[in-house]
Amino acid sequence: MSTENNGEEMEIGKLRKGESELSVEEIFEQKEVPSWTDQLTFRSMVVSLILGFLFCFIVMKLNLTTGVIPSFNVAAGLLGFFFIKVWTTVLEKFGIQSKPFTRQENTVIQTCVVASSGIAFSSGYASYILGMTEKVAKQAEEGNTANNVKELSLGWMIGFVLLVSFLGLFSIVPLRKIMILDYKLTYPSGTATAYLINSFHTPKGALIAKEQIKCLFKWFSASFLWGFFQWFYTASDDCGFTSFPTFGLEAYARKFYFDFSATYVGVGMICPYIINLSMLLGAVISWGIMWPIIETKKGIWYGADLKSSSFRGENGYKVFIAIALILGDGLYHFIVVLLKTFYSLAKAVLKKHSVQDANGTLDEVKVSFDDKRRTEFFLKDQIPASFALAGYIVLAIISIIAVPFIFPQLKWYHILCIYIFAPILGFCNSYGCGLSDWSLASTYGKLAIFVIGSWIGLNQGGVVAGLAACGIMMSIVSTASDLMQDFKTGYLTLASPRSMFISQVFGTFMGCILSPIVFYFFFYKAFPTLGEEGSSYPAPYGLIYRGIALIGTEGTSALPKNCLLLSGVFFVGAIVINALKEVLVQANYNSHKYVPSPMAMAIPFFLGGYFVIDMCVGSLIKFIYEKKNKVEADLFVPAIASGMICGDSLWGMPAAVLSLVNVKPPLCMKFLPRGVNDKVDAFLSG
């Protein structure tokens with residue numbers, strides 16, 4: 001290795017270890033902090049729009065394939081930094097001077113992009129919205145009535161997401177000072193993002209960012225070209241490299257094969273090892289052991305003449321055992337996070353009172369230069385509580401009036417009840433997220449399905465009403481925790497709370513327009529088999545969310561024999577596994593790192609293990625890289641993975657356009673058993 005590379009590695013190592021003599025804010029002390037209006041630049045909005053579209057597409061594709069979505073903070077931060085640098089460089093070539101690119105503007109872009117891609121998830125086009133459709137209802141069979149089905153159209157999809165996505169922002173704004181300054185919640189993702197952005201704007205960090213961007217674009221290009229190459233061999237759903245029987249045809253039939261997906265190799269490199277191994281364990285338990293045994297009970301436990309997609313048959317076990325694991329895991333974390341939230345709140349209040357002196361004033365507390373400077377700027381641009389309260393009430397009234405026109409099954413008083421309780425749940429979720437980085441938005445959404453669905457009942461359209469209520473609740477709770485994460489990022493980068501709030505509003509608006517358009521035209525219309533098992537986009541959570549709604553409205557009477565018993569065992573098992581992990585954590589045993597995640601285990605129960613193999617390959621690549629050079633791996637693995645995900649996912653855009661204009665791949669590459677192949681050869685030669 002050259003001396004130059006050795007020197008660069010030493011610099012990188014020092015940066016990673018934090019061996020700088022100056023603190024973060026001392027490094028930036030001489031740089032002027034722009035006003036909140038100057039942080040919101042035209043170029044930042046344009047870059048946010050471009051990246052928002054890209055990440056909406058990526059999140060939508062991941063949602064529609066497996067529902068596993070990693071953090072894109074590194075990719076969003078790097079690409080935002082890159083695009084603005086390109087913008088300023090191009091203008092300078094024409095002799096036009098640009099404003100300096102600040103970390104505050106970088107934070108605005110990050111906030112905007114993450115808000116936009118967050119809507120792609122919380123808007124539910126791969127889960128509760130898709131679960132309303134006739135296509136998914138036919139697979140479930142139960143509750144397939146006119147008032148429990150709603151066909152998708154772009155108009156009402158955009159209208160609904162616009163009506164429900166902004167309330168969460170206004171519900172949490174008045175609590176920002178309490179969460180960030182008084183209780184000093186860490187918000188791990190927001191904090192990590194802030195340190196990433198701060199590092200970009202130091203001389204050392206800019207050098208590293210440049211190398212990371214090169215790495216990202218190199219793997220982006222390779223991944224895009226690989227997706228393009230694979231397309232030529234995919235004339236139907238069962239053709240191409242995605243159907244390569246890596247471990248033999250029998251394993252392929254059980255969904256165990258490597259499907260050459262650059263996207264999921266990249267996702268595996270980002271996800272923690274235990275998540276990938278948990279999914280592999282889930283795939284082995286379900287497709288390797290349980291489903292083959294249940295298949296032998298055909299005609300005994302369930303009817304031999306039932307369709308494979310029927311909830312009364314084999315599919316009932318796949319869907320409802322997965323639901324049991326998800327609900328068990330969600331319920332455990334809901335209770336634990338809620339208890340920790342109340343305990344931490346009480347502890348914080350008692351601590352605050354305990355440091356007061358006899359005159360009722362706070363004792364002098366030593367505050368670091370960084371904290372003093374950050375607090376000063378955080379409190380500088382206030383967002384009036386009256387503005388937030390008025391905004392929430394006005395938006396709630398509009399939503400209460402308008403949403404029943406989209407979903408007649410959902411009455412105004414149902415929505416009113418949601419909006420009364422949603423701010424409380426939004427606060428709990430935001431506080432819990434600040435403690436553990438764990439958002440329970442989907443759990444609160446499932447709670448709304450049960451409450452509203454059982455309140456309305458199956459015959460009155462409770463399935464669609466429950467799924468719509470899930471959307472309202474998820475949107476509020478999810479955007480509330482996202483905004484508080486962004487406030488934490490802004491606090492650590494000296495970005496104004498006002499610029500953070502406005503960029504979050506703009507990003508949310510972008511997501512409300514982009515997400516339905518991307519879903520409707522690039523996926524729903526382009527791929528007619530979307531939502532069907534075995535297709536390129538099986539969208540497993542559509543069927544799972546509809547299954548939850550059916551349980552809420554109809555109960556468990558329609559399930560096949562022993563399905564409820566098995567579901568109960570896995571529900572309890574999920575709680576026990578989580579409790580065991582908590583005990584090991586509290587006892588400071590390192591072995592807690594090897595306890596699997598029930599939520600992760602549940603994902604392949606319905607889909608199979610093919611994407612898990614890809615993710616485990618990603619984990620293996622990361623593991624080898626870390627063994628070779630841990631410092632370099634920490635810096636470049638996220639960039640490599642993001643490039644692989646972005647390139648392969650972006651190929652989906654031209655692929656969708658080709659599908660819409662009926663341009664089909666020229667070749668179909670299939671793999672057949674020798675006996676079948678001999679028959680095909682004989683038929684063709686005859």
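## Burial of Q104

A residue counts as buried when its relative accessible area is under 20%, and in this predicted model Q104 has a relative accessible area of 3%, so Q104 is buried. The residue lies in helix α6, which covers residues 103-122.

Once its neighbours within four places in sequence are left aside, Q104 is in contact with V33, P34 and Q39, and also with T493, L494 and A495. Q104 and S496 stand 392 residues apart in sequence, yet their C-alpha atoms are 7.9 Å apart in space.

## Helix α5 and its surroundings

Helix α5, residues 73-93, has 21 residues and reaches 30 Å from its first C-alpha to its last, which is close to the 30 Å expected at 1.5 Å a residue. After α5 comes G95, whose phi is positive, near 75°.

The buried residues of α5 are N73, A75, A76, G77, L78, L79, G80, F81, I84 and T88. What covers these buried residues includes α4 and α6, together with α11 (188-200), α12 (203-231) and α27 (630-660).

## Packing of α4 against α14

Helix α4 (residues 42-65), which is among the elements covering the buried residues of α5, also packs with helix α14 (residues 262-270) at an angle of about 95°, the two axes being 12 Å apart. Because angles of 65 to 115 degrees count as roughly perpendicular, α4 is described as roughly perpendicular to α14.

In this contact, K61, L62 and T65 of α4 meet T263, Y264 and V267 of α14; by class, the contact has three nonpolar residues, two polar residues and one charged residue.

Terms used: Residues numbered from 1 in each chain as written. Predicted model: local features only at pLDDT ≥ 70, side-chain atom pairs only at ≥ 80, totals over all residues. Heavy atoms only, no water. Axes fitted to C-alpha atoms, helices over the stretch in contact; angles between N-to-C directions. Helix = DSSP H or I, 4+ residues; strand = E, 2+ residues; numbered from the N terminus. Parallel < 35°, antiparallel > 145°, perpendicular 65-115°, else oblique. Contact = heavy atoms within 4.5 Å. Nonpolar A, V, L, I, M, F, W, Y, C, P; charged D, E, K, R; others polar. Buried < 20%, exposed > 50% of the residue type's maximum accessible area, 1.4 Å probe, protein only. Expected span 1.5 Å × (residues − 1).
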